[in-house]
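Trainee: I would like to go through this structure step by step. Could you show me the sequence and the model?

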Number of protein chains: 2
Amino acid sequence: MKLEKLLRPKSIAVLGANDRNGFGKSTCSNLLKSSIAGHVYFVNPKRTEVLGKTCYPSITDLPEQVDMCILILNKTLIPSALEDMAAHGCKAAVIYASGYSEVGDKASEEVLQKLCMKLDIAAMGVNCAGYINHLDGISAFGMLVENQSVKGTVAIISQSGKICLNMTQIDYMHFSYLISSGNSTCIRIEDYLEYLVEDNDTSVIGLYMEGIKDPVKFQHVLKRAALLRKPIVIMKVGRTEKGSALAASHTGSLSGSDQAFDAVMKKFGVIRVDDIEELVQMCHLFSTLKHLPSPAGISAMCLSGGETGVCADSGTLLGLEYPEFTSDTAQKLKELLPGYATVANPLDMSATLAHDGEKYALAIQTILEDPNIGMVLCGQTILPEHKPEDVINPMSDGMVLAAQMSQKPIAVMNFFNASRDDKIRRKLEDAGVGILPATGYGFKLIKYLIDFSGYSPSLHTLELAIPDTPKIRDRLALSEHDSKMELVKYNIPVPKEAVLSSLSELKVFAEEVEYPVAAKIASPDILHKSDIGGVKLNIQNKKDLMSAYMAILQNATLHNPEARIDGVLVQPMLPKGIEVIIGVNNDPQFGPMLLCGLGGIFVEIFKDVSLYPAPLSKQEALEMIQSLKGYQLLNGYRGNPEYDIDALADFMVKVAAYAAENKNSLHELDINPVFVYEKGRGVAVADALIIKTKESN
Amino acid sequence: MKLEKLLRPKSIAVLGANDRNGFGKSTCSNLLKSSIAGHVYFVNPKRTEVLGKTCYPSITDLPEQVDMCILILNKTLIPSALEDMAAHGCKAAVIYASGYSEVGDKASEEVLQKLCMKLDIAAMGVNCAGYINHLDGISAFGMLVENQSVKGTVAIISQSGKICLNMTQIDYMHFSYLISSGNSTCIRIEDYLEYLVEDNDTSVIGLYMEGIKDPVKFQHVLKRAALLRKPIVIMKVGRTEKGSALAASHTGSLSGSDQAFDAVMKKFGVIRVDDIEELVQMCHLFSTLKHLPSPAGISAMCLSGGETGVCADSGTLLGLEYPEFTSDTAQKLKELLPGYATVANPLDMSATLAHDGEKYALAIQTILEDPNIGMVLCGQTILPEHKPEDVINPMSDGMVLAAQMSQKPIAVMNFFNASRDDKIRRKLEDAGVGILPATGYGFKLIKYLIDFSGYSPSLHTLELAIPDTPKIRDRLALSEHDSKMELVKYNIPVPKEAVLSSLSELKVFAEEVEYPVAAKIASPDILHKSDIGGVKLNIQNKKDLMSAYMAILQNATLHNPEARIDGVLVQPMLPKGIEVIIGVNNDPQFGPMLLCGLGGIFVEIFKDVSLYPAPLSKQEALEMIQSLKGYQLLNGYRGNPEYDIDALADFMVKVAAYAAENKNSLHELDINPVFVYEKGRGVAVADALIIKTKESN
């Protein structure tokens, strides 16, 4: 495995080794402190020694064949160095050099990428800062690493080297790997991800990324992580990218690529966080807790009413649930708490218990035993060099004790941010008790955790319909009728309609269609159909349809004898139902995304839509519908009838399957509206527009 | 001024002085370290000395008359101690004792309150932890204060003593006062607030509170602070209080008292924050910055594309604006930045400038000189003992230099939370450069700051219509017609309608009314009016109205000869317009709140409403309308006409004035709907319901 040689080398050569301030000195110093220092070799034809260690003139002079090379070389020297490496039999490299696509020189980067492929070299970079492997104690890193002894199970992949370096300075973080991927020229984020998902020394993976290059591989890795239940936490910028949302149709305007990325994360149960602090803290929380919260209900126990109120507000506003205690739990708590305390969830337990670790542990345990509670948050701000100790000591003792006795997680909810007393922190974290940042972040982390815990890979279709690499294509909009006929071809139910061009055809159709119907002249040359008597509405029976047909054709010929006439379009006049929009937008990276929303102001003003990658299961379709605010209107709102949500979900599954099957040719689909009728009466497509792509010449 | 004696005493007696661990020892130790230690006296009949200092048997034995007493006494001993104090001529007290209303004993607390009033003693507490006055170096505080030397301009009033104590441990905070108000039995939060608003040593006031007791005083103090432009930052719990939102009508269900509190904060320009961390950080930011941002546009300058993206996303999602640079600004920046950098706002300035403090200062200054930019955020994470220093030193030099040259504020946007290098922090903050917490909090603080800066007291009606203390009252619902007549009495336009009980009345009315009209039997005894022929719709002229009148009366008499007949209600058939709901809910503390929202799902599903305290100016009414998402529908949405927003605002001002005038008798008003017509065509009340209160017997 090539990444093994890169990330866990037994021997390393530094090409261009030097002791100048910057990447040279930092890299060499870091490596001299590494566990494999005896198998680290410096190579530089212009030096005999660097930092007191012998320098070899070239890679061919080394006493052993090395697993990996770090190239501290100018851009122009990289290709020949890679050739030398290949000749020497070394298949892994870290390339710091910059000046490639990040400053506009894409050509050099492409050349380099092809060269690595040709030579079969696994190269990290370009424009990267290297990596730190805390498992083996190897910092192949371009900035001085002060603290190499923070071995843990968090792996970070970052497109920014600076962020990797900053992370090493967060004293409570414990890493397996910190990887600065740079431009991901050769080894891409999805390759590192694949390696780390399978790595038993890594329990959680954090990604700081701007984008991915290989969606197919990305999909496979995400699926694998979902099945293994290994958490991936992603911070990706671009939520508000200017100009990305200016597409023509509803679907286009509501499902820019960032929303598509979001939807993909949801499908695979990946946690997408909003900033770097959340990325760090979420990874840390996963690496600390020994259990996941289940069920989803939480409790919070605080020493004061105010802090309890903060927990109630902050948690509830994020959609977290504080279930009422069972009478059994309540009774036990009453016995533990002072008489004036009110037993409720969240719990203002007053300060009394905070002085008695064993009693406090018992209270935590009592709540954790409640069948509706999956996690307890202990409200208490841990301060730097926390004093006085008469509260924090018994409290932390109690939490440790409770953590030892329970299979459900416990975490401390802090009300201020501060550096936390290191002694207290270590005592708690060693016992698996999480230490959360102040409530604004703290409750968001708990929400992510609960969502992750509640995600079940078996309830999701863990696949995408990723289109083949797009070529430059033209777009082709189908007419309403042609769009509907395309849907019919894929067994998507559309009310029977037809373009009829002879009386005999009409006679057959007139027997089958459901009345009332509308009839319209079908001609690409007649635009204002009503003005020339080309439209008849509300036709009640076969006889009237026949005369309408004749009249329409006569009127058309009369007014525009030159027009091409395809016939007369006859379609049923649908009864009104709840108007729903079902759309598909084909994301260039992740393929067709199904969109669903209620018509009118729901979509247009409130952007109340749900987006999910095709294909999808019926369960996923139902979740999409239920996630809409407008769901209330479908579900017996204010004594209204219930509508046929089941039929709508079936319909969505079929549309998604159609979209997935046509991932390379479907540009956009807009079924607007679909009428949803009362429960048991199904749905009906009232209008549809398909835009296809076709290769241009 | 009584609070002066309490908060800035020249001499203090500790009644019940002792050296037992807890409030006794802590208070005495704190005071012995105070600047007025020579005028601190311990009183305890059972001791001759405490902590090496003489103990007097009683307050009458003291060598001087003291300004203030701290009572470390059990609840039962408080009344006699207060009497002794009064006899001694001491008018200020800190009372730690607990066991009052916080554990259900309201009676003892009322007795104590009355006693303090009778004796004219300004008492802090009960159930409080005292205060720390950093201006004079006096900690009249029940918990050991380690760090007394953090004099600054932030005043904190907190209902929780624990939060006060925790705040003293945040090393970068600088306070004028930290006040633990406890139960606010005698001196209330609004009293401290009044003192601090006028205090020249305090530049910003932070409140941690659960509620206020005297809304009239609260209002006056908020008005005074608004006019002085002194920032007040409030953290108040209770955003999601269970069961508070179950009122009957729309208005009731949408304007619970927490929303009313929110609306009051908005009117007076108070910043309401969401958690304690925000409270601390916001106060600190105000005390650090030397200028307010104006105009509202911001810029962010980062060293990497990723961090720039985080700033773009986080800021934009909160509604902050990054205006495009003027061509002049852009040109100057191009000259300062490396060739490959793209000049845009927010700005990825690359790392080059970070090594050159003077050039960096020039770049900051260039952006601050842009007429559309009010503030610059410098993206850089300051770490604990920040290393390496080759970037942070020139960057911080540059910020300091730029701050010295500009009248607009600068702040550092951090991407991780960590304790910040103290040397760097002090250097920046001394120069007035703000240091923000990680982006999740950081951008919220900037939003608060921009909102505060943009608030103009002259554009707001700085008054509330606070009702007199409510008595137990019955409710009385007026009929639709009576409700409308009530509005007419207050010059609120209502389409002409009348209950007519004679043909001569009818003849006059029939000349004046606008047709078409509807006519209905007016009788409290006839419920199903249509069923007995008691309703005629769409009456087009006088003649038809006369016959309808006769027919309706005949039908009524025929079907129900016993019924009381008030006459026939004749009202115009209004043309349909955009349906708007205007409501009033009378908050028991803050008086009538005007509610406005678009009808139907806007209010019912999306809770798209705006709430504001009466009375209100036209400007405020317009802001209420514009803050609705549904505003788009009124304002020429998708080629629709523009509607008469101006008339709607006039209408709202009148309704608010009516509500303010009737603050003691109006329980609730629901005008649902008001039809809003196209621009220039006004509004019309279609239905109204007034619920009044009347004193019960």
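This is a predicted model: local features need pLDDT of at least 70, side-chain atom pairs count only at pLDDT 80 or more; totals for chains, interfaces and linings use all residues.

Trainee: How are residues and chains labelled, and what is counted?

Mentor: Residues are numbered from 1 along each chain as its sequence is written, while chains are lettered from A and ligands numbered from 1 in the order in which they are written. Local features need pLDDT of at least 70, side-chain atom pairs count only at pLDDT 80 or more, totals for chains, interfaces and linings use all residues, and side-chain values use heavy atoms, with hydrogens and water left out.

Trainee: Which residues of α16(A) are buried?

Mentor: Among them are Y441(A), F443(A), L445(A), I446(A) and F452(A). Buried means under 20% relative accessible area (1.4 Å probe, protein chains only).

Trainee: And what share of the residues of chain A counts as buried?

Mentor: Of its 697 residues, 59% do. The secondary structure of chain A comprises 23 helices and 30 strands.

Trainee: Changing topic: in what order do the strands of the open sheet in chain A stand?

Mentor: The order is β21-β24-β22-β23, with antiparallel pairing. Two strands pair if DSSP finds at least two bridges between them.

Trainee: Which strands stand at the edges?

Mentor: β21 (498-500) and β23 (535-539) of chain A do; each has a single partner strand, so one side of each lacks a neighbour in the sheet. β21(A) pairs with β24(A) (residues 567-572) over three bridges, and L500(A) stands opposite V568(A).

Trainee: Now chain B: how many residues of strand β13 are buried?

Mentor: Five of the five residues of β13(B) (residues 232-236) are buried, so the strand is largely enclosed by the rest of the structure. I232(B), I234(B) and K236(B) lie on one side, with V233(B) and M235(B) on the other. In a regular strand the side chains alternate between the two faces of the sheet.

Trainee: Which strands does β13(B) pair with?

Mentor: Five bridges join β13(B) in parallel to β12(B) (residues 204-209), and three join it in parallel to β14(B) (residues 271-273). Opposite M235(B) stands V273(B) of β14(B), and the bridge partner of I232(B) is I205(B).

Note on methods: Buried means under 20% relative accessible area, exposed over 50%, partly exposed in between (1.4 Å probe, protein chains only). Helices (H or I, at least four residues) and strands (E, at least two) are DSSP runs, numbered from the N terminus.
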